[in-house]
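Please look over the sequence and the model before reading on.

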Amino acid sequence: MKTPTLADVLDAFETLYPAHLQEDWDASGLVIGRRDAEVKKILFAVDAIGAVAEEAVETGADLIITHHPLLLRGASFLPDTDYKGNIVHTLIENKCALLAAHTNTDSAVDGVNEALAQALGLTDVKVLADEKTQTLNGAEHTVGIGRVGTLPQTTTLKELADALAQILPATAGGLRVAGSAEAPIQRVALCGGAGDSLFGAVESSDADVYITADLRHHPASELREKSRLAHQKTINLIDCSHFASEWVWLATGARRLTEELTARGFAIKTQVSTLNSDPWDFRISTGEVEGSASTL
């Protein structure tokens, strides 16, 4: 089998996770790299941080595919004294390309949200919001941001949180859970990464619980109060690490890209980074509480 060029890899990746699926504000795409360069090994990671760049160099990767774009908010200057500039210089000097695959992989078939839904064993999975169409292998698929599906059997909120904790990589923050530990759960809505912008869709989904990351006090509190009044049922919440919720997809992305390139006659090696790029290092508990609206 032959070695693909960067252009070959980009073409295969576009088939699986097309750029047109990304949100208008996003910056997914090729950040660094010559399209005619050979790619023998690809490193998958959530964040393009300095440690990931160093890992790519140490392991001989020719391309890094990260979920989060390095230059999402742009930069006017990229000297090596700037942390983003240092990453760019490190990769270019070591002939390693960088591809950002953000909201296109959130939305797509076998993307971030489907990987999380599959890991939880959800069935009858549907798109939560922002529906789009993806053509893959001659078939049209409805894709979009977030997913909602059904557990094979009813469980409790505590049991679901415990199961999720086993799926996600360890992080200092762990999981924050809103709701009674014994609350019955069967219908699950989820969104990898920051998902409070989808609260309206969650309310309409009839979900028992919403799994996402980066939840803020006021939006979370308002969602629970509104759902209690409107539906006589409070939506439970599981707030997890942004990094951890998206890391689950990396193995799927590596496997799907390997399969696609192999089908095209190319030999490729892939590796999933095990570096923890969650920004928090440790946690100190302020004590246990029994539930919402507890007396101080």
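In what sense do strand β3 and strand β4 pair, and over how many bridges? Strand β3 (residues 63-66) and strand β4 (residues 97-100) pair in the parallel sense, over four bridges.

## Basis of the report

The model is predicted: local features need pLDDT of at least 70, side-chain atom pairs count only at pLDDT 80 or more, and totals for chains, interfaces and linings use all residues. Residues are numbered from 1 along each chain as its sequence is written, and side-chain values use heavy atoms, with hydrogens and water left out.

## The sheet

Five strands make up an open sheet with mixed pairing, in the order β1-β4-β3-β2-β11. β1 (29-32) and β11 (269-272) are at the edges with a single partner strand each, so one side of each has no neighbour in the sheet. On average, neighbouring strands are turned by 25 degrees against each other, direction ignored. Two strands count as paired if DSSP finds at least two bridges between them. Strands (E, at least two residues) and helices (H or I, at least four) are DSSP runs numbered from the N terminus.

Within the pairing of β3 and β4, A97 in β4 is the bridge partner of L63. Helix α10 (residues 249-263) packs on the sheet and touches β2 (41-45), β3 and β11; contact here means heavy atoms within 4.5 Å. The direction of α10 makes about 155 degrees with that of β2. Axes are lines fitted to C-alpha atoms, for helices over the stretch in contact, and angles run from 0 to 180 degrees between N-to-C directions.

## Salt bridges within helices

The whole structure holds 14 salt bridges, each a side-chain nitrogen of Lys or Arg within 4 Å of a carboxyl oxygen of Asp or Glu. One of them joins K158 and D162, at 2.9 Å from N to O. These two residues are four apart in helix α6 (residues 157-167), which means that about one helical turn separates them.

In helix α10, R256 and E259 are three residues apart, about one turn of the helix. Their closest N and O atoms are 3.3 Å apart in a salt bridge. R256 is buried at 13% relative accessible area, while E259 is partly exposed at 38%. Salt bridges with shared partners join D110, R255, R256 and E259 into one network. Buried means under 20% relative accessible area, exposed over 50%, and partly exposed in between (1.4 Å probe, protein chains only).

R216 and D196 form a salt bridge, with the closest N and O atoms 2.9 Å apart. The pair links distant parts of the chain, 20 residues apart. R216 lies in the loop between β9 (209-213) and α8 (217-231), and D196 in the loop between β8 (184-194) and α7 (199-204). R216 counts as exposed at 52% relative accessibility, whereas D196 counts as buried at 19%.
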